[in-house]
Amino acid sequence: MTTGDDSAGGQPPQELESPSAPINRIGVIGGGTMGSGIAEVCARVGLDTLVIEVDETAVDSARRKIEQSMEKAVAREKMPAATRELALDSLSFSTDMGDLADRDLAIEAVIESLEEKLSVFRAMDKVMAPDSILATNTSSIPIITLGSITSRSDMVLGLHFFNPAPVQPLVELVRSLGTSLETIERVDRFAVEVLGKRVIRCRDRAGFVVNRLLVPYLLEAIRMFDQGKVSAADIDSGMIYGCGHPMGPLSLCDLIGLDTIEAVADVLYEEFKGSHNAPPPLLRRMVAAGHLGRKTGKGFYEYQS
């Protein structure tokens, strides 16, 4: 397990003297692709999992995503039917942020917008118990920015899952300058021992570990395609069959969402100013056109709904 620490003075972290209370009740704010996946991960292990959405239409969409995901897993014999039934019994949905009052941990998973995330964190901080942990699934936004507008910056951290969350084993655990070691240790144990995830610890820097490495690679693939000398299929095939990647970069862009790629690239460029982090013009145009990838049916490839 890798570790990163921003503690003052560079002192090595001290071990906790005793274990803290278990995390049993989970809130997930946002039921989109990532939020529904995170909720499914929690519900599969029998945790009391509450999904908060903006309205009943969004609630229905989130519920449908989770049910369809588990139906596919059962059909492919990746999940026992009994696990699906346990998960469905463990899930609840609401449009009222006040229902988070009894949660031990709430995970924000709304769109990659600083304004939206700040609004959610203010609401979570207001309604949740003082000893509850607030986490964000952000890909790139500084954790300290979110923690600093709450009354508990020591209990705010990044808990970054990867898409699809029920399948991908990795979680990035991000400690800001304000996050306590106790919070990090408690959530680390939860992610590993309860959720069964592999954890890497990251400093609070744009892109953390994975996206800081991944996004420049994806942007270069977009630039190569935009030059018109190589097809999308050949770019992807080159990385699949030449480098052993399970998916090519342009297919991966479509899976992640081109709007998300653009948002993360903007944050990386703002922090590091490297030209390799700058969103290419083609990416800007595709996002403006609404060609966001799988979620809209069109990106570098076209998809059937």
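I began with Phe208, which I found in the loop between E8 and helix H7 (210–226); helices (H or I, at least four residues) and strands (E, at least two) are DSSP runs, numbered from the N terminus. Phi of Phe208 is near 55°, positive although the residue is not glycine.

This is a predicted model, where local features need pLDDT of at least 70, side-chain atom pairs count only at pLDDT 80 or more, and totals for chains, interfaces and linings use all residues. Residues are numbered from 1 along each chain as its sequence is written, and side-chain values use heavy atoms, without hydrogens and water.

I checked confidence next. Mean pLDDT (the predictor's confidence in each residue, from 0 to 100) is 92 for the protein, and 94% of residues reach 70 or more. Over residues 1–18 pLDDT stays under 50.

Then I looked for a cis peptide bond. The one from Asn163 to Pro164 is cis, with omega near -5°. Pro164 sits in the loop between strand E6 (156–161) and E7.

Which sense do E7 and E8 pair in, parallel or antiparallel? Strand E7 (residues 170–175) and strand E8 (residues 198–203) pair in the parallel sense, over six bridges; pairing requires that DSSP finds at least two bridges between the strands. Leu173 stands opposite Arg201 in E8. From E7 the chain passes through helix H6 (residues 181–194) to E8, a right-handed β-α-β crossover (clockwise from the first strand over the helix to the second, with the strands pointing away from the viewer).

Key:
Contact = heavy atoms within 4.5 Å.
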